[in-house]
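Please consult the sequence and the model shown here while reading.

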Amino acid sequence: MSESYKIHEDGLYFVSFSVVGWLDIFTRRIYQEILIESFEYCQTHKNLKLYCYCIMPNHVHFIAQSEAGSLTTVLRSLKSFTAKELMKAIGENIQESRKELFLHQFSYYGKKNKNAEMQFWKHDNHPFYLYSNEMIDQKIDYIHQNPVEAGFVNEAHEWRLSSANLLSPIKIELL
């Protein structure tokens with residue numbers, strides 16, 4: 001296993017989560033709020049320190065560490081809870097025009113990976129240990145420029161779901 005994928009208890013990490021099939025789930029505010037509230041819960045109750053983030057339509061990037069306990073445990077809990085809540089919200093949303101597509105894809109990926117009946121998040125993410133200021137700066141730039149590179153906004157601060165936006169819904173720690 002690469003040293004960059006090992007979790008150091010006091011380390012700072014670049015983390016990415018992607019929705020299976022790159023489904024654009026986070027285009028709807030109701031689903032964004034579930035993810036935002038989950039991050040806020042982990043900040044308050046699980047000592048997750050969030051330094052930078054960006055929620056895109058089908059994935060999320062952030063830089064974080066855990067002050068007490070294991071970052072691996074916090075991330076596992078965050079992914080598990082949000083997966084259940086988001087799939088439930090999609091299934092119960094009578095206004096969701098893409099419900100059948102989403103539920104079919106969650107089922108397909110769950111059965112494909114033989115882990116569960118349904119799967120929301122892809123399994124191929126690894127926290128990447130940030131061991132230098134240069135790496136931290138590069139990842140912050142990458143995270144904040146993600147919506148610009150995707151063509152959603154012209155300037156990073158225009159993306160509502162990013163720590164580059166001063167009115168961002170998730171409060172972050174200063175590096």
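E96 counts as buried, at 5% relative accessibility, where buried means under 20% relative accessible area, exposed over 50% and partly exposed in between (1.4 Å probe, protein chains only). A salt bridge here is a side-chain nitrogen of Lys or Arg within 4 Å of a carboxyl oxygen of Asp or Glu. Through shared partners, salt bridges join R28, E96 and R98 into one network.

The model is predicted: local features need pLDDT of at least 70 and side-chain atom pairs count only at pLDDT 80 or more, while totals for chains, interfaces and linings use all residues. Residues are numbered from 1 along each chain as its sequence is written, and side-chain values use heavy atoms, with hydrogens and water left out.

The count comes to four salt bridges, among them the following.

| Salt bridge | N to O distance |
|---|---|
| E96 and R98 | 3.1 Å |
| E67 and K49 | 3.8 Å |
| K49 and E173 | 3.9 Å |

Helices (H or I, at least four residues) and strands (E, at least two) are DSSP runs, numbered from the N terminus. E67 is exposed at 56% relative accessible area, whereas K49 is buried at 15%. K49 also pairs with E173, which is in the segment after α4 (133-149), 124 residues apart from K49. E173 is partly exposed, at 32%.
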